[in-house]
Amino acid sequence: MSGRARTRARGRAHSGASPKPATPGPSVAPGASAATQQPGQIQPRLQQLQEESHVAEPGQPRGAEGTCQPPEEPQRSAGLQVVTLKPRSCCGGVFRDLVVNTRRYLEHVRESTAGSQDKMVKLFANHFRVVSQPQWIAFKYNVDYTPDIENGNVCESLLFQHEALLGKCRIFDGNSLLLPHRLPKPKMELVSELKDDALVKVTIEFSSELTPTSPDHLRYYNILFRKILKIMKLRQVGRNYYNDVKGEAILQHKLEVWPGYITSTLQYEDAMTLCVDVNHKLLRMETAYDVIMCIRDDAKNKNLDVETQVAKELVGSIVFTKFNNKTYRVDAINWKETPQTEFRKSDGTKITFVEYYKRQYNVQVTVLNQPLLISKGKWKKRQQDTPHEPIFLVPELCHLTGLTDTMRKDYRVMRDLSTHMRLEPEKRQLKLKEFMNNMQQDKNVQKELRHWNFQFDTQFLSFSGRILKEVRIFQGKRAFDSNPQFAEWSRETRSGPLLNVKSLDNWLILYTKRNYGAAFSLMQSLRKVTPTMGIAMRDAKMVEVGDTVKSYVAVLEKHDSSNTQMVVCVLSSDRKAMYDGIKKYLCVNCPIPSQCVVHILDKPQTLTTIATKIAQQMNCKMGGALWKVQTGLQNAMFIGIDCFHDIVNRRKSIAGFVASINEDLMEWFSQCIFQESGQGRACLQEALKLWHERNSILPYSIIVYRDGVGDGQLQALIDYEIPQIVSSLESIFNSPNFKLTFIVVKKRINTRFFVQSQGRLRNPLPGTVVDVVLTKREW
């Protein structure tokens, strides 16, 4: 389906005073366009088929065969510079990364990535080895429908009416079909019937042959395993699958936890494995309507505006609709419309929301005067030219997800949740083994797997890892080791002077009237802890302020000077707007190091600990240093790069750049920039300039840690960003006489590692290195 067709399938409607028909035919309720797929209500396609008589090129995306214009080249942010990339491959991002091969250029890891030093340890992972898999060539076909069919389930049923031709061994992703055999003709036009005997033409056209190790082949295997999860009666919510039957209710907090699983199949160093991890979906037992009613009663008692208070609570939250297993972000609330409001369907007929939900999902809306929630839906860059048609939701049918700020601050809520959602290694292993056993014992699952010759080992994958030698921590004239179990050394740092201290002579403490006691206690505690650290501190100038951002800014404008070293703000609450307003002023308008402290300083048993940590942070912000470690590398600069992509508002991406400017890693250059051409080069040049000023030579080794790289962007990184860095370094060094190490950091992984200790599975120690078995062949 085209991007426009997919948009209509999501069921969006125009926002406004009343739901108006979208063009060419709106669906203003979730899945409303699916209703138009029922018998007798097929919508004609917007475009006629063009030039469909020839075979698509291998790997060519569907729809490209018949177009006259070249495909638009997407603009992607590669590193610190926006560049034009080649059109995307048809396979998903994580699978596109499999074609990246950097090891063939690196002699020391070309044959093996395994290290030989440090202590060896036996590890386990939540991976199950694939002991049997398809070894034949598969055939990929593009599938199209005339007229367009928006509902994926209807598409699948229409296609599989031809099971005699296709066979039972098949994988369908909604757009393309994978078969273990070749069809009689490269292009076939078939006719299927809807329930009302209306005819639909199904066009199946050969695209490419896929080898067993093809990245696209692996993508279809993962689609197969999502089908397996459906066979096991798991319920899809978003991208993941959950067991709502085994959901556990936490009645005292009105919460419900659904257990679920995440699966992925990928090729690793020695074999293909199935990675399985436990996942949870947190639902609140209250609906959006319950929240509205609660706020309405409370607002009336406090003489507050109901609509404003409801918007503060609901806008930005994620709701879950059980009738279609989907989640939506609430972007606005329409108080002028109700479930009795009529909207126009794609076939031109009018229907109320009450009637629509009853007919489409057999769900009865009971409250007829409630407002409607508005969701703009998930918008992707490739759909930016598609008319934006928001979705209307009935609050009564929307269950809230996630935790409120109040819940996160409640120790009892977080404690009770952790017992359900934070699994110890042994409990996680039991859950995963239970999943594998259920999969092995399910006859329907095994029948599906036999079609593709899939078999799995039921035991955790085991292999050898290494634990790096611990580094010593130096603080002043002292040296000590960290706790090997937790990599923690904060206790040791309190008993001696810091490595590099800054005196605190001219500073401010701002506090509200009711927080004077907390501010005074903080001052007294800082007097006690700073002498041990070696920090010379004079008393702060204490100034009372009002509990608003405007008041804080007015006082700062009056009292700050060029000699002010630090501003400490004792806040009455952790309101984000208050914190953001103060930090924005002190970072942008009047750059002064600052420390915001929430009003939790009235606990004598923790006040000394809190004051110690605050003093350490203040020392660092003024340019001091707490401790250092010996890296074993001489004349080496470390660089960190991360990117923020504003997907919601589609504004410019922002990159954060930091670089060490001395060997001890105690001084750093940092800068935030919009991702525009040449900006990254300027950051690197400025960092190298500062390094040279402090060390009189340029660094010999540059080690870059790069975060913010999405799946499928490794090749763009190699083709564009790294050459830019190398080019900048060569121009600065006037020679290639430097060493560059580029490390891509990935945090969103589902692999879990375990170590067996005293007959039990435990988490591995900090410093554990995995460089065999679950590493990639290519990088």
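Mentor: Start with handedness. A crossing is left-handed if the near helix is turned anticlockwise from the far one by less than a right angle, and right-handed if clockwise. Helices here are DSSP runs of H or I with at least four residues, and strands are runs of E with at least two, numbered from the N terminus. The model is predicted: local features need pLDDT of at least 70, side-chain atom pairs count only at pLDDT 80 or more, and totals for chains, interfaces and linings use all residues. Residues are numbered from 1 along each chain as its sequence is written, and side-chain values use heavy atoms, with hydrogens and water left out.

Now the pair. Helix α16 covers residues 549-559, and helix α17 covers residues 576-589. Their axes lie 9 Å apart, and the packing angle is about 25 degrees. Axes are lines fitted to C-alpha atoms, for helices over the stretch in contact; angles run from 0 to 180 degrees between N-to-C directions. Under 35 degrees counts as roughly parallel, over 145 as roughly antiparallel, 65 to 115 as roughly perpendicular, and the rest as oblique. α16 and α17 are therefore roughly parallel to each other. Their crossing is right-handed.

Next, the residues that meet. Contact means heavy atoms within 4.5 Å. From α16 come V549, Y552, V553, L556 and E557. They meet A577, M578, G581, I582, Y585 and L586 of α17. By class, this contact has 9 nonpolar, 1 polar and 1 charged residues. Ala, Val, Leu, Ile, Met, Phe, Trp, Tyr, Cys and Pro count as nonpolar; Asp, Glu, Lys and Arg as charged; the others, Gly among them, as polar.

Elsewhere, helix α20 (residues 714-733) packs on a sheet, touching β32, β35 and β36. Its direction makes about 150 degrees with that of β36.
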